[in-house]
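Please work through the exercises below with the sequence and the model at hand.

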Amino acid sequence: MKQNKTLKKYSNYIMPTYTRTPLVIVKGKGKYVWDKTGKRYLDFFPGWAVSALGHCHPRVVSRVSKQLKNIIHVSNNYYHPLQAELAEKIVKSSFKGKVFFANSGAEAIESVIKLARKYGYPKRHEIISMYNSFHGRTLAAITLTGQRKYQKGFKPLPSGFKYVPFNDIKAIKKAVTKKTIAVVVEPIQGEGGVNVASKKYLKELRTLCDQKDILLVFDEIQTGMGRSGKMFCFEHYGVKPDIMTLAKTLGGGFPIAAVVASSRVADVLQPGTHASTFGGSPIVCAAALGVFEAIEKDKLLTNVNRMGKYLVKKLQSLKKKYPAVIAGIKGKGLMLGIELRCAGSSIVDSCMQKGLLINCTQGNILRLLPPLNIGKSDIDKAIRVIEEAIEEQAVA
Ligand SMILES: *Cc1c(COP(=O)(O)O)cnc(C)c1O
């Protein structure tokens, strides 16, 4: 009844921009969330990769609580030690360069577009991205996103963007012109269906970008911060980008995003060219430092690799058992997709009824992004629920 009241207020007062599941979540701790009725759910898609340490992780909570007692916001015309500390942490764990702090993935992507254009100005401005990519919802970010459905109804879009098929080096070689300044790619396309870039592709892309002085940008907003089994997904490839974006997991639930730019481009955006009022405030920096601390001190990368392997093994045996329903398993670390031969939304709904939260993207890809600190027994439990849901699907 209370749930209905909330739903009613949403429909009266909140813009209908989201397809929402009728579930009112009031509490979260670790791998679980609870609804208003007290029902508990195992969360295998915590905050779309935002709450990757599980909900309300103690290392994040304690750092943020401590910071709340000092100061909440310091504007960017002054200095704060935590912003400096976090930038150093990000750079030292990725590649030599500098950081710009923003508040969301889309804002980080906007910043990258401006940075790239400024770097190329006035001779080069074209940016190449991938079909089935996802880069956020601002006007420039939907233009960079290589999916028509996100652009429909918003014309005129900014000019200077081009798309090529993912994992196709020939196509990108053909698309490059004298005006190309950057190539943007997700090492694993998340929203696009958990599509993994091949090693050969990213290596050849790096070579191409070096030859033509083109900026190689990795959007690691979903793959970054341990999700793939390395701190950053690019480490799997032996290929460093010139620019990388981070958001989602970075703040452990708090809204923070970062653009990391290598030394070559790090000083392009001088005072007056770019800014963000909330960017890198002490609270969100405290949270992000808590996330780094958890990944390092709790040895979460080791856990992601072990649990990722275990989960894939379990999913492969499900695939063997239900070949008429499951076409394939894809992904890396704990960023996994189950490719179905049918629509996935009824399986997602059924899992929720049974107390497991997962996601479906592109209509038929079940997406699992369990917390980085998940254990075997949780995986076993999730697999049992998914199997039951598939069983129903197979029977129906
Ligand atoms: C989620 C996501 C974005 C957009 O982030 P927002 O914080 O929603 O603006 C951009 N790129 C990738 C790869 C994402 O997964």
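The model is predicted: local features need pLDDT of at least 70, side-chain atom pairs count only at pLDDT 80 or more, and totals for chains, interfaces and linings use all residues. Residues are numbered from 1 along each chain as its sequence is written, and side-chain values use heavy atoms, with hydrogens and water left out.

**Exercise 1.** Determine whether Q67 is buried or exposed.

Solution. Step 1: locate Q67 in helix α2, residues 58-68 (helices are DSSP runs of H or I of at least four residues, strands runs of E of at least two). Step 2: Q67 counts as buried because its relative accessibility is 7%, where buried means under 20% and exposed over 50% (1.4 Å probe, protein chains only). Step 3: leaving aside residues up to four places away in sequence, list the contacts of Q67, namely H80, L82, P282, I283 and A286 (heavy atoms within 4.5 Å).

**Exercise 2.** Find the distance from the ligand to D219.

Solution. A polar side-chain atom of D219 lies 2.7 Å from a ligand nitrogen atom.

Methods. Polar contact = N/O pair within 3.5 Å; in protein donor to acceptor, adjacent residues only side chain to side chain.
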